[in-house]
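Visitor: I'm new to this one. Can you put it up and walk me through it?

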Amino acid sequence: DGDNWPLIRKIIVDPQAKPGAAEIVAAKRRFLELLKIRSDSALFQLDSAREVQRRLQFHNTGPEQQPGVIAFSLADGPRDGRDLDRRYSSLMVVINASDQRVRLPGGDGYQLHPVLKGSVDPISRLATVI
């Protein structure tokens, strides 16, 4: 982050940038939600880099890439024949740091995780899969 140090220094000295108790509690609650999601599937608990490489596919790449969006999926079974999660054939994670709605090719058939549907974060609750 060397290129960002001027901005980081500016934020560090800004008294308005210091989180209050409400922000800290909200961040903790959101983090605990992420832990619930992680523990919900063996696909988020792979044992080795090789297992990750077999199952991982990045989306939102190439010339049509949408800036500010990271998307990847983890597939169960078909690549090596082992079924790690009977409920999910694959999981997709989308991190959208842009201020735009995104539409990703290959996103059909996915649903918002139940934890996110009831999230303490209103933006997460409003997320949709289209």
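Guide: Keep in mind that this is a predicted model.

Visitor: How many salt bridges does the structure hold?
Guide: There are 6. In one of them the side chains of Arg55 and Glu51 meet, at 3.1 Å from N to O.

Visitor: Where do Arg55 and Glu51 sit in helix H3?
Guide: They are 4 residues apart in that helix, so about one helical turn separates them.

Visitor: And what about Arg55 with Asp76?
Guide: Their side chains also meet in a salt bridge, 3.4 Å from N to O. Arg55 lies in helix H3 and Asp76 in the loop between strand E2 and E3, so the pair ties together parts 21 residues apart in sequence.

Visitor: Is Arg55 buried or exposed?
Guide: Arg55 counts as buried because its relative accessibility is 2%, under the 20% cut-off. Glu51, at 10%, is buried as well.

Visitor: Changing topic: what lines the largest pocket?
Guide: The lining has 43 residues, and Met92, Val94, Leu112, Leu116 and Ala127 lie nearest the centre. By type they divide into 21 nonpolar, 13 polar and 9 charged. The volume of this pocket is about 1,600 Å³.

Visitor: Which element gives the largest share of that lining?
Guide: Strand E3, with 7 residues. Helix H2 is among the elements that supply at least two.

Visitor: What does Ile37 touch?
Guide: Leaving out residues up to four places away in sequence, Ile37 touches Phe44, His113, Val115 and Leu116. Ile37 is in helix H2 and is buried, at 13% relative accessibility.

Technical notes
Residues numbered from 1 in each chain as written. Predicted model: local features only at pLDDT ≥ 70, side-chain atom pairs only at ≥ 80, totals over all residues. Heavy atoms only, no water. 1 Å grid on protein atoms, 1.4 Å probe; cavity = no way out; pocket = protein on both sides within 12 Å on 5 of 7 lines; lining within 4 Å. Points joined across faces, edges and corners; volume = space filled by probe spheres on them. Nonpolar A, V, L, I, M, F, W, Y, C, P; charged D, E, K, R; others polar. Buried < 20%, exposed > 50% of the residue type's maximum accessible area, 1.4 Å probe, protein only. Contact = heavy atoms within 4.5 Å. Salt bridge = Lys/Arg side-chain N within 4 Å of Asp/Glu carboxyl O.
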